[in-house]
Amino acid sequence: MKTYLVTGAAGFIGANYLKYILAKHDDIRVVVLDALTYAGNLGTIASDIDNERCFFVKGDICDRDLADQLFAEYKFDYIVNFAAESHVDRSIENPQLFLQTNILGTQNLLDAARRAWVTGKDENGYPTWRKDVRYHQVSTDEVYGSLGAEGFFTETTPLCPHSPYSASKTSADMIVMAYRDTYKMPVTITRCSNNYGPYHFPEKLIPLIIKNILEGKKLPVYGDGKNVRDWLYVEDHCKAIDLVLRKGREGEVYNVGGHNEKENIQIVKLTIATIHRMMTETPEYRKILKKKELNDKGEISIDWINESLITFVKDRLGHDQRYAIDPTKITNELGWYPETKFETGIVKTIQWYLENQAWVENVTSGDYQKYYERMYKNR
Ligand code: NAD
């Protein structure tokens, strides 16, 4: 029986990971620690929390006393740290919060683990550690900076972040590696490309575009839309983390990528075309549309769901041009590869949003509206 501390599991990837590991492993119990910021939604994981295998604690990863209490009570074997401020645009508005959560929060968890897991000292003065424990840091390809038209990020690419978000994630990675080198702490890091899939907060590109289409709103695209991202279906990412945590080599970094590079504008066009097609094939979905014009057959029209909805807005400051991951190491060592083709994943994702509008409304009421207006009003 392994006991996990999974932080940030009320957010997008963490929630998918929680559902994945609970379904995959019978012999585990999981404590979720999440501060429930605007990006965390307890409703997403409510059905998973049974207080037998899965427990929820509302709290901040920066809280030292809470971390110690949780270690004392649950005797964790694994920590998987998803908790973070994760949105680049918000980091440009308020960098300090990102440094606080992403760097100091990581350091606080590492220290709590160190206090709980160190058993003594070896002859050279290095700490000795409880057997079979592991701290796993969920990181991002953004730590490597930006690529030109050619090449891929490997694990040895120099770290060169550009946004306050990526700088904070880079610092966290470096702190994790410092604990490996200084204390010989058993750690691993995964650096992943852009994820997409269910439960993605609609401030990020794909869910934002889906939401705006369903509401008949314009689709804001930064700059000329030519920035390239590598997209990975979230469940494939969760599988990679599960493998690295259990079978990855201690002290190692693994890049996780989708081999699926697309320009932002391609993503937006594909999303428009897919929603149009799905609403043609299943007219029932048209009832979700907020804009309900009828065509001459008396059906809800979808003629307006086309590329004329796209509006180019002022570019993000310091917008990285291209990210692309080389996942050879995780493929060769652990047999992982991105199983879900983008064409399949995007249909699954859109279908999930079409069928879970109550979730979208719940997470985007209140503060989200104010944020959206502030971000896009003057662009
Ligand atoms: P998210 O913003 O959807 O969720 C973050 C979660 O962390 C939320 O539930 C939030 O309430 C919680 N949280 C924030 N601050 C906290 C604090 N101080 N204490 C406790 N909980 C706190 O993020 P996500 O997209 O699921 O990303 C998860 C992780 O994966 C992050 O570390 C992110 O950097 C990394 N990552 C994300 C992507 C992506 O495409 N989304 C890609 C690569 C890496």
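What average pLDDT does the protein chain have, and what share of the residues score at least 70?

## Confidence and conventions

The protein chain averages a pLDDT of 94, and 96% of the residues score at least 70; pLDDT is the predictor's confidence in each residue, from 0 to 100. For the complex, the predictor gives an ipTM of 0.99 and a pTM of 0.94.

This is a predicted model, in which local features need pLDDT of at least 70 and side-chain atom pairs count only at pLDDT 80 or more, while totals for chains, interfaces and linings use all residues. Residues are numbered from 1 along each chain as its sequence is written. Helices (H or I, at least four residues) and strands (E, at least two) are DSSP runs numbered from the N terminus.

## The seven-stranded sheet

Seven strands form an open sheet with parallel pairing, in the order β3-β2-β1-β4-β7-β8-β12, where two strands pair if DSSP finds at least two bridges between them. Its edge strands, each pairing on one side only, are β3 (54–58) and β12 (253–256), and the twist averages 20° from one strand to the next. Within this sheet, strand β1 (residues 2–7) and strand β2 (residues 28–34) pair in the parallel sense over six bridges, with threonine 3 standing opposite arginine 29 in β2.

Helix α5 packs on the sheet, touching β1, β4 (78–81) and β7 (134–140), and its direction makes about 180° with that of β4. Helix α8 also packs on the sheet, where it touches β4, β7, β8 (187–192) and β12, and its direction makes about 160° with that of β8. Axes are lines fitted to C-alpha atoms, for helices over the stretch in contact, and angles run from 0 to 180 degrees between N-to-C directions; two residues are in contact if their C-beta atoms, placed from the backbone, lie within 7 Å.

## The three-stranded sheet

Three strands form an open sheet in the order β9-β11-β13, with mixed pairing. The edge strands are β9 (194–196) and β13 (261–263), each of which pairs on one side only, and the twist averages 50° from one strand to the next. β9 and strand β11 (residues 228–233) pair in the parallel sense over three bridges, and the bridge partner of asparagine 194 in β11 is tryptophan 231.

Helix α8 (residues 234–247) lies across β9 and β11, running at about 75° to β11. Helix α9 (residues 264–281) packs on the sheet as well, touching β11 and β13, and its direction makes about 85° with that of β13.

## Helix α5 and its partners

The axes of helix α3 (residues 64–74) and helix α5 (residues 95–117) come within 9 Å and cross at roughly 40°; α3 and α5 are therefore oblique to each other. Angles under 35 degrees count as roughly parallel, over 145 as roughly antiparallel, 65 to 115 as roughly perpendicular and the rest as oblique. The contact is made by Arg64, Ala67, Asp68 and Phe71 of α3 with Asn108, Leu109, Ala112, Arg115 and Ala116 of α5, and its residues divide into five nonpolar, one polar and three charged. Here Ala, Val, Leu, Ile, Met, Phe, Trp, Tyr, Cys and Pro count as nonpolar, Asp, Glu, Lys and Arg as charged, and the others, Gly among them, as polar.

With helix α6 (residues 164–183), α5 packs at an angle of about 20°, their axes 8 Å apart, which makes α5 roughly parallel to α6. Among the residues that meet are Phe98, Leu99 and Ile103 in α5 and Ala172, Ile175 and Val176 in α6; the contact divides into 12 nonpolar, five polar and two charged residues.
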